[in-house]
Amino acid sequence: MLEQFFQPKSIAVVGASRNPVSAGHGVLKSLLTGGVLPSPTNKAFKGKVFPVNPNASSILGKKSYKKVTDIPGKIDLAVIAVRASLVKEVIYDCAKKGVKGVIIIAAGFGESNEQGKTLESEVKELARKSKIRLIGPNCLGIFRPSMNLNASFGPCMPLQGNIAFFSQSGALIDSVIDWSLEKKFGFSAIVSLGNSSDLEMTDFLSWASNDAATKAVAIYLEGIHDGRKLMEIVKTVSRKKPVVFLKAGRHASGMHAVQSHTGNLAGNYEVFKAAMLQSGAFIANDVDELFELAHVLALQPSCENKGIAIITNGGGAGVLCADHCEDLGINLAKLSKKTIGKLDSSGVMHPAYSRNNPLDLVGDALADRYKVAINTVLAQPDVSGLIVIQTLQTMTESLLDAKVILSARKKFPKKPIIACYMGGKFSRKGVAFLEAHHIPDFNIPLKSARAMKALIERNAWLKR
Amino acid sequence: MLLDHQESLVLLRKYGIAVPKTMMFPIKSSFADVKSKLSFPCVLKVDAPELLHKSDLHLVAPSINGPGEFQQEFANLKKIMKNQKITKGRFVVQEKIRGVELIMGMSRDPSFGPVMVIGLGGIFVEIFKDVSFRVSPLTKKDVEEMIEELKGKKVLEGFRNQPKVNKKEIIKLMMLLDKLVRKEKRIIALDFNPVMVDQSQAIVVDPKISINEGAKGA
């Protein structure tokens, strides 16, 4: 399904340009090197790449062809970066060549004016008749890091990971990639949908549901063509994989921009929200939450709302976190006599430790104390998940604590652990270790509690 | 256009939706014509096509406890109707239903189709907009969650001297309503305000059903 886009062996870049600030140049460079901007994630595409340009004999050191039909051998995918008025002719050539998929970068179609609308429906019809599947027009392109595939004019190759990101805004993808490199969020695929003339959100959702590398789906959505159909697909996909939505155009003020952007109307947000929650999806309020939820849901097992424990080296942070849990309807675990007994007799607890949930280990807690506390609490059968808070004290062993968390994660694979390393500069090593080992970590208790709530909701949906 | 009271009741009964015991009399009836058929307490209303465009004109006597009161209210309504030149329609007499007020409704979203709503009646809906939505078709679990989402849901659990209401009956009614709007495609919007619920029943007291112009009787 959609292999021509996600597993192509040969790609033509039509409108490959020598002008370094053009989209066509960006796409070619991205395929040949992995990205326009330098990044350690950049790698050349594993398959063949052919520039197409009627006026050049070679671009970026690659032999260039006048037309798609001049290229020797089979072409799976064509990225079309010529201006809108020239697209139809290129599609004719692609049809002759037997190309199975095209990505149309150019704007100036249905999103702009009546003339553009007509042109878009002509292009769509031509592609349909020629059995060519189409992404766009008016899009950034696609990314498939596992294939070293960056068929876009975005900044660079994202990290390989297990979140599929489908976006109706191309510009948002650019920034998300930049940000994800810092946060160490990886992607199984990123698709900029543009006007969704042919392939639309529901097609990519179905694809993601069957893609082995995808563990969660993150979606940025503006307009919806067919809410009913979206609902049905989300209902099916969310049985297999979590789906998180970020929807723009909640209020009338944002509507104008959205309409001119994707050329279709945004529906009523309340209705959208109800429909998606009913279908087992998650709704994020902003970009950070979109990826935080997708990340947590992709990496952690779902969680029964039996009892969540909080372990902390700062009393205040523990109480803050417990408050957020209560607000969100998360049940807090009661630590059993057996658990307290084990902690009492461990010999590493501070005499003033809280002996209650939130379990305050007191500020001078070193990694050995965290280790005993985490393992003892998780061993209590009715503790279904754990939030580990670390405030920064001068003696805190940030990195060792992170290692303790990772080993507990492996020892109790069915019980999610969410870290809350509060701080910045001095906690960085520990945070980097957690990120590298895919333990969700948040800087503030509220985000940790929200992440746990998402795992609880996921569990309730799967049982439904 | 709106269905009149008679048509609404027929439609609701067809789907097994409970409505109050109702009698209707021609607009020209006199007190002598109707008095032997009355039982109390009751509600007296005027159902007239002209009224659909006069929402400020509230021709309802909400609580009548005996024949004397009835005669007085009856004369009063007749006087207003004469002044307003209302000549078509009928009188509706319904048994007085008590309980906690809910609202239920449906509107059709161009993208998602029928959207179902439930809320607490009176000031809860008017001031606090305390309602929850779902897209049809509903499951029983959906309706349970919709009730759970209402901020004022305590009112349903026997708050102060109110009776604890029968949630099963609320769920049953929502499921019937859901079925109705899926089958009756000519309905474009629907409002039950109020629905009265108590320990044993959920009854639609005042249905307003808008249908697609030209689809009447279809």
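Is K184(A) buried, partly exposed or exposed? With a relative accessible area of 44%, K184(A) is partly exposed, where buried means under 20% relative accessible area, exposed means over 50%, and partly exposed lies in between (1.4 Å probe, protein chains only). The structure is a predicted model, in which local features need pLDDT of at least 70, side-chain atom pairs count only at pLDDT 80 or more, and totals for chains, interfaces and linings use all residues. Residues are numbered from 1 along each chain as its sequence is written, chains are lettered from A and ligands numbered from 1 in the order in which they are written, and side-chain values use heavy atoms, with hydrogens and water left out.

The overall build of chain A comes next. Chain A contains 16 helices and 18 strands; helices (H or I, at least four residues) and strands (E, at least two) are DSSP runs, numbered from the N terminus. Its radius of gyration is 25 Å, close to the 23 Å that the globule rule gives for 464 residues, so chain A is as compact as a globular protein of that length. Here the radius is taken over C-alpha atoms, and the rule is 2.2 Å times the number of residues to the power 0.38. The C-alpha trace of chain A spans about 80 × 45 × 35 Å along its principal axes.

Of the 464 residues of chain A, 58% count as buried. The accessible surface of the chain comes to about 18,900 Å², and 54% of that belongs to carbon and sulfur atoms; accessible areas come from the Shrake-Rupley method with a 1.4 Å probe, and for residues only the protein chains shown count as cover. Among contacts in chain A between residues at least 6 apart in sequence, 72% join residues at least 24 apart, contact meaning heavy atoms within 4.5 Å. Chain A carries 58 positive and 39 negative charges, whose mean positions are 7 Å apart. In this count Lys and Arg are positive and Asp and Glu negative, while His and the chain ends are not counted; each charge is placed at NZ of Lys, CZ of Arg, CG of Asp or CD of Glu.

Over all chains, the structure holds 14 aromatic pairs. Rings of Phe, Tyr and Trp (its six-membered ring) pair if their centres lie within 6.5 Å; planes under 30 degrees apart count as stacked, over 60 as edge-to-face and the rest as tilted. The rings of F6(A) and W207(A) are stacked, because their centres are 3.8 Å apart and their planes lie at 20 degrees. F6(A) belongs to helix α1 (residues 3-6) and W207(A) to helix α6 (residues 201-210) of chain A, so the pair ties together parts that are 201 residues apart in sequence. F6(A) counts as buried at 1% relative accessibility, and W207(A) is buried with a relative accessible area of 6%.

A second pair, F165(A) and F291(A), is edge-to-face, because the ring centres are 4.9 Å apart and the planes at 80 degrees. This pair also links distant parts of the chain, with F165(A) in strand β10 (residues 159-167) and F291(A) in helix α10 (residues 287-299) of chain A, 126 residues apart. Both F165(A) and F291(A) are buried, and together with W179(A), F185(A) and F187(A) they form one aromatic cluster.

Backbone geometry also deserves a visit. Most residues other than glycine have a negative phi, and most peptide bonds are trans. K184(A), in the loop between α5 (170-183) and β11 of chain A, has a positive phi near 60 degrees. K131(A), in the loop between α4 (114-129) and β7 (133-135) of chain A, has a positive phi near 55 degrees and is exposed, with a relative accessible area of 69%. In chain B, a cis peptide bond with omega of about -5 degrees joins F40(B) and P41(B), and P41(B) lies in the loop between α2 (31-34) and β2 (42-47). The bond from N193(B) to P194(B) is also cis, with omega near 5 degrees; P194(B) sits in strand β8 (residues 187-197) of chain B.
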